[in-house]
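Trainee: I would like to go through this model with you. Could we test each label against its definition?

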Amino acid sequence: VLARSAGAVHSCDPRAESGGVAMRFAFPAHNPAGLHYATRIFVGTAVLWPLLRLAGDVNPIWAVISLIVVIEPQMLPAWRAFLSRIFNTLIGCAVGVLFLLTAGAGEWVLPAAVAVTVLVCTYLVRLPLSWRIAPVTAALVIASGAADPTAWGGLETALHRTGEVLL
């Protein structure tokens, strides 16, 4: 952040100039929420990545993404995001597997499954914090089903994805 006035900040480089006006990099004097947030993400990732690798997951990136998306600087919003993410992931997996088992992995299945997932989330469940998570999960399940012509390929991905999120 560049600042023209010192306020409650510490200057990093007071010699930096822009347009003839002295500019300096400014950092907040004290931001415990930011430090706490960064620490929680660091610790969570440092524990989650090796744990899943040890369990045989060769690419636990979805679990790390879930961790980053769910972690909030404050506890109450974090808890709400966690619950919303679990429910929406379960919905996305269920709709994706249902479409794979009943319709296969045809080209029209992905847009239909994603649209139905959004409708389920917005009209039935109504947990808006993670509405995008459910259709993304359904798309992952359908795409894996397209890559693996058996319905079990999508089911395996659905169960794996759900397990990563629940962990």
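Trainee: What is the mean pLDDT of the protein chain?

Mentor: The mean is 76, and 72% of the residues reach 70 or more. pLDDT is the predictor's confidence in each residue, from 0 to 100. Over residues 1-18 the pLDDT is below 50, and beyond near neighbours in sequence this stretch has 41 contacts in the model. This is a predicted model: local features need pLDDT of at least 70, side-chain atom pairs count only at pLDDT 80 or more, and totals for chains, interfaces and linings use all residues. Residues are numbered from 1 along each chain as its sequence is written, and side-chain values use heavy atoms, with hydrogens and water left out.

Trainee: Why is threonine 117 called buried?

Mentor: Its relative accessibility is 0%, so threonine 117 counts as buried (under 20% relative accessible area, 1.4 Å probe, protein chains only).

Trainee: Which residues does threonine 117 touch, not counting those up to four places away in sequence?

Mentor: Ile91, Gly92, Val95, Ala134, Pro135 and Ala138. Contact means heavy atoms within 4.5 Å. Threonine 117 itself sits in helix α4, residues 109-125.

Trainee: What makes α4 and α5 roughly antiparallel?

Mentor: The axes of α4 and helix α5 (residues 133-147) cross at roughly 150° and come within 8 Å. Angles over 145 degrees count as roughly antiparallel, so that label applies to α4 and α5. Their crossing is right-handed.

Trainee: Which residues of α5 make the contact?

Mentor: Ala134, Pro135, Ala138, Ala139 and Ile142. On α4, Thr117 is one of the contact residues. The contact divides into 11 nonpolar, 1 polar and no charged residues.

How values were computed:
Helix = DSSP H or I, 4+ residues; strand = E, 2+ residues; numbered from the N terminus. Buried < 20%, exposed > 50% of the residue type's maximum accessible area, 1.4 Å probe, protein only. Axes fitted to C-alpha atoms, helices over the stretch in contact; angles between N-to-C directions. Parallel < 35°, antiparallel > 145°, perpendicular 65-115°, else oblique. Left-handed = near helix turned anticlockwise from the far one by under 90°. Nonpolar A, V, L, I, M, F, W, Y, C, P; charged D, E, K, R; others polar.
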